[in-house]
Amino acid sequence: MGLKGFAEGGIASIVAGCSTHPLDLIKVRMQLQGESAPVQTSLRPALAFQTSSSSVHAPPPPPRVGIIGIGSRIIRQEGTRALFSGVSATVLRQTLYSTTRMGLYDILKTKWTDPETKSIPLTRKLAAGFIAGGIGAAVGNPADVAMVRMQADGRLPLADRRNYKSVLDAIAQMVRGEGVTSLWRGSSMTINRAMLVTASQLATYDSVKETILEKGLMRDGLGTHVTSSFAAGFVASVASNPVDVIKTRVMNMKVVAGTPPPYKGAVDCALKTVRAEGIMALYKGFWPTVSRQAPFTVILFVTLEQVKKVFKDFDF
């Protein structure tokens, strides 16, 4: 397959990513709900300087807002264009991350397919997804960090906003202010999430599609592609949401010189999140994740099938 698989996967991923960007932004905002108050109270007691144990009380957590509420608030407070905050980072992320993972998965799947039966076991599909997702995430992490920050910026007070002009400006500011290593902040979580998403998403799509065609439930057309991709999107959402919440919080944390960071790492973030907000905090933004992942996966694979038809006579 060579470079063709990378090109096909990249085009389909960019189309899907841009189409569902507003849903991804809402998901990120929901995942950050409830973060500030509990974390700050437990992280930096030395900064409280209270004179008596009864003089300071932790503020109650703000009420959680749903998908429609978050979306309405963004439009009301920041304008409709804010729903596409960070879309340039999405384009770069899909170009780096998804192009790599889709191309590598296609190469590995082709290599591991039995030449006689033309089939590949589920375990090998999952293995191909883990490998492709991990490598793709390592390549695309800088764009992922920039995207999370650009999407989250509007929820911060005006004085604390980073006001990135574009994904390149975001990356440049991070390098100048926090060093090159900040571009790979949360990379362990990004890689873990990408391995889970790619393995569950691509393997589920292939397996469901094969089952539908083998049993003659539908022909190889739009109905089969939509059904298979919707199932893949839901499975990927369930598998990846806890990792996604922690990844979002680690990437979005603001590190100030001379003060300890809010989180020491992914495990520390997970423990503090569960301790402060409960275990179900790891599934914050789940329905926005499904609402974004399902249409993203449907658009991804439907577009991919069409792009493959366009490129079928090309060999590169």
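**Reading a predicted helical chain**

Colleague: How many helices and strands does the chain have?

Modeller: There are 11 helices and 0 strands. Along the sequence, the pattern therefore reads α-α-α-α-α-α-α-α-α-α-α. Of the 316 residues in the chain, 48% are buried. The accessible surface of the chain is about 15200 Å², and carbon and sulfur atoms account for 65% of that surface.

Colleague: What share of the contacts joins residues at least 24 apart in sequence?

Modeller: The share is 81%, taken among contacts between residues at least 6 apart in sequence.

Colleague: How should one check the length of a helix, and what does helix α1 show?

Modeller: One compares the span expected from the number of residues with the distance between the end C-alpha atoms. Helix α1, residues 3–19, has 17 residues and should span 24 Å at 1.5 Å a residue. The end C-alpha atoms of α1 are 25 Å apart, which agrees.

Colleague: Which residues of α1 are buried, and against what do they pack?

Modeller: The buried residues of α1 are K4, G5, E8, G9, G10, A12, S13, A16 and G17. These buried residues pack against α2 (21–31), α5 (87–112) and α11 (286–311).

Colleague: Where is T20 placed, and what does T20 contact?

Modeller: T20 is in the loop between α1 and α2. T20 counts as buried, at 2% relative accessibility. A polar atom of the T20 side chain lies 2.9 Å from the backbone oxygen of A16. Beyond the neighbours within four places in sequence, T20 is in contact with R292, P295, F296 and I299.

Colleague: May we turn to charged pairs? How many salt bridges does a search of the whole structure find?

Modeller: The general idea is that side chains of opposite charge can pair when their charged atoms come close. The search of the whole structure finds 15 salt bridges.

Colleague: Which side chain meets E210 in a salt bridge, and which parts of the chain does the pair link?

Modeller: E210 meets K125, with an N to O distance of 2.9 Å. This pair links distant parts of the chain, for E210 is in helix α8 (residues 187–214) and K125 is in helix α6, 85 residues apart. E210 is partly exposed at 32% relative accessibility, whereas K125 is buried at 2%.

Colleague: What can be said of the salt bridge between K247 and D144?

Modeller: The side chains of K247 and D144 meet at 3.4 Å, N to O. This pair, too, links distant parts of the chain: K247 lies in helix α9 (residues 222–252) and D144 in helix α6, 103 residues apart. K247 is buried, with a relative accessible area of 3%, and D144 is buried, with a value of 2%. Both residues belong to a network of salt bridges that also links D24, K27, R93, R193 and D244.

Colleague: Are E277 and K284, which meet in a salt bridge, buried or exposed?

Modeller: E277 is buried, with a relative accessible area of 14%, and K284 is buried, with 7%. Their side chains meet at 2.4 Å, N to O.

Colleague: Finally, which backbone angles deserve attention, and where are the residues concerned?

Modeller: Most residues other than glycine have a negative phi. K118, a residue other than glycine, has a positive phi near 60 degrees. K118 is in the loop between α5 and α6 and counts as exposed, at 65% relative accessibility. N163 is likewise not a glycine and has a positive phi of about 50 degrees. The place of N163 is in the loop between α6 and α7 (167–178).

Notes: Residues numbered from 1 in each chain as written. Predicted model: local features only at pLDDT ≥ 70, side-chain atom pairs only at ≥ 80, totals over all residues. Heavy atoms only, no water. Helix = DSSP H or I, 4+ residues; strand = E, 2+ residues; numbered from the N terminus. Expected span 1.5 Å × (residues − 1). Buried < 20%, exposed > 50% of the residue type's maximum accessible area, 1.4 Å probe, protein only. Contact = heavy atoms within 4.5 Å. Salt bridge = Lys/Arg side-chain N within 4 Å of Asp/Glu carboxyl O. Polar contact = N/O pair within 3.5 Å; in protein donor to acceptor, adjacent residues only side chain to side chain. Areas by Shrake-Rupley, 256 points an atom, 1.4 Å probe, with all protein chains shown as cover.
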